[in-house]
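Visitor: Could you walk me through this model, beginning with the whole chain and then moving on to single residues?
Guide: Gladly, let us look at it together.

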Amino acid sequence: MAIRVPSRLLFIDGEWREPVLKKRIPIINPASEETIGYIPAATAEDVEIAVGAARRALTRNKGNEWASASGAVRAKYLRAIAAKITERKSELAKFEALDCGKPLEEAAWDMDDVAGCFEYYADLAEGLDAKQKAPVSLPMESFKSYVLKEPIGVVALITPWNYPLLMATWKVAPALAAGCSAILKPSELASVTCLELAEVCREVGLPPGVLNILTGLGPEAGAPLASHPQVDKIAFTGSSATGSKIMTAAAQLVKPVSLELGGKSPIVVFEDVDLDKAAEWTIFGCFWTNGQICSATSRLIVHESIAAQFHEKLVQWSRNIKISDPLEEGCRLGPVVSGGQYEKILKFISTAKSEGATILCGGDRPEHLKKGFFLEPTIITDVTTSMQIWREEVFGPVLCVKTFGSEEEAIELANDTPYGLGAAVLSNDLERCERLTKAFQAGIVWINCSQPCFCQAPWGGNKRSGFGRELGEWGLDNYLSVKQVTQYISNEPWGWYKSPSKL
């Protein structure tokens, strides 16, 4: 039976609302290339209404309803959202698979992580109450000082299409836990589950305007949101080019931003590894989520003494991956998200060949799939460091390979990138792993694995991969403002000036 995608409107001030200009955008199933529904397309007019709703939500009832409420009050809503997500897990996973091409089992895993993330930030929201008025040690006994942590205000959350609901949750959950009100703008390429989050919020009775969800195009909805003077902070995950535009917009009003941008992460494989274990982690690190991962370890740097054997293993493992409609049981590689993305990846592969690289395997449409944006897992060898495939983010199931002879050379190759999101090292020598961990210029390091992610641990990058950290307590800090409060407690006058009464 065909799965019907719900028809939704924009979610503003706790209600479904038709876009002012009544525009809509088609939802394309990347596995079939068919239109399966439409999402509303917000414009600057809708942004204005949503920002007003978010601003009112902060101040309603003198803030006692949300921003100034106890963390325990906000935690109750976050846990209710988590419970609803769990209840609807199967349905939401199917929507995700239809919308962005993610294999169904991966999408179900994402829904577990979404619920877990809301639960985690519910705990941190409660913990905030105990941390208020944390004392500051001062050198003068006549003063006492403490710190208040307050919500930063109205926040704009702009999220990508590769993990539509999960990436949104990474921002929504801590923002709400902190007491902010938010406007979420998901990618127009995959918005279905984010609109279902709106329905969940409506069902659990989240106060109006606390979370508003605007779907639409970047220039028409994202840009006016990022530049709006009544938005106090922007959190963005996406491309470095868009991140640069958001920084420029924010700079005009000197507003804070946190950015999680692109990557071209290395995975360094030494000669002492179990080849099969290393091969599986290597292809998982690059081909999971159809290769559409900002942290994908898409540059394999392998010791020259095992390179030939390791290449064979990688080809064997890659050819064993089930490529199919995401809803098919056992699917491990679905289509990339859109026709535009598909053509872009094919162009990367074509350019690599023209520059002299070798396509070891893949590089084309699977023979058994005549429709959909499907691409075989692709491994490219004979790569030089000047090639586009080595330097630029592909965002698809494409792995490029170089060999190294010494540890120093491996480190140099690993850091030979303008990005700095993730890095992995595979070796049985843990002291060597420790050395590479320190040497990697990256915000996240994996030892003997690639891509595990836990909501308790910080996530973010260096260099052109952005700044700021999501997840863990660091994720909550993104949405909190620190206020110093200092009180004079002595009964004695300050005594700096001569008292008029004693003249």
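**A guided look at the predicted chain**

Visitor: What percentage of the contacts in the protein chain with a separation of 6 or more is accounted for by residues 24 or more positions apart?
Guide: Please keep in mind that this is a predicted model. Counting contacts with a separation of 6 or more, the share from residues 24 or more positions apart is 72%.

Visitor: How many helices and strands does the secondary structure of the protein chain come to?
Guide: Both kinds of element are present in the protein chain. The count comes to 15 helices and 22 strands.

Visitor: How far apart are the mean positions of the positive and negative charges?
Guide: The protein chain carries 52 positive and 61 negative charges.

Visitor: Which strand is joined to S6 by nine bridges?
Guide: Let us start on the hairpin side: S5 (residues 134–136) and S6 (residues 143–151) run antiparallel and are joined by three bridges, with six residues between them. In that pairing, Ala134 stands opposite Val147. S6 also has an antiparallel partner joined by nine bridges, where Lys149 has Val482 as its bridge partner. That partner, covering residues 480–488, is S22.

Visitor: Which residue in the turn between S3 and S4 has a positive phi?
Guide: S3 (residues 24–29) and S4 (residues 34–40) pair in the antiparallel sense over six bridges, and Ile25 stands opposite Ile39. The two strands form a hairpin with four residues between them. In the turn, the residue with a positive phi of about 65° is Glu33.

Visitor: Why are the positive phi values of Val254 and Asp382 worth a look, and what are they?
Guide: Most residues other than glycine have a negative phi. Val254 lies in the loop between helix H8 (240–252) and strand S11 (257–260), and is exposed with a relative accessible area of 74%. Asp382 lies in the loop between S15 and helix H12 (388–391). Phi is near 50° for Val254 and about 55° for Asp382.

Visitor: What is the relative accessible area of Arg88?
Guide: Arg88 is found in the loop between helix H2 (71–87) and helix H3 (89–100). Leaving aside residues within four places in sequence, Arg88 is in contact with Phe95, Glu196, Glu199 and Val200. Arg88 is buried, and its relative accessible area is 12%.

Visitor: How far is Pro366 from Gly52 in space, C-alpha to C-alpha?
Guide: Pro366 is found in the loop between strand S14 (358–361) and strand S15 (378–381) and is buried, with a relative accessible area of 3%. Not counting residues up to four places away in sequence, Pro366 touches Ile323, Phe374, Leu375 and Glu376. Gly52 is 314 residues away from Pro366 in sequence, and the distance in space is 49 Å.

Visitor: And how far apart in space are Pro377 and Ile321, C-alpha to C-alpha?
Guide: Pro377 is also in the loop between S14 and S15, and is buried with a relative accessible area of 6%. Apart from residues up to four places away in sequence, Pro377 touches several residues, among them Phe287, Ile321, Leu333, Cys361 and Pro397. Pro377 and Ile321 are 56 residues apart in sequence, and their separation in space is 8.3 Å.

Key: Residues are numbered from 1 along each chain as its sequence is written. This is a predicted model: local features need pLDDT of at least 70, side-chain atom pairs count only at pLDDT 80 or more; totals for chains, interfaces and linings use all residues. Side-chain values use heavy atoms; hydrogens and water are left out. Contact means heavy atoms within 4.5 Å. Lys and Arg count as positive and Asp and Glu as negative; His and the chain ends are not counted. The place of a charge is taken as NZ of Lys, CZ of Arg, CG of Asp or CD of Glu. Two strands pair if DSSP finds at least two bridges between them. Buried means under 20% relative accessible area, exposed over 50%, partly exposed in between (1.4 Å probe, protein chains only).
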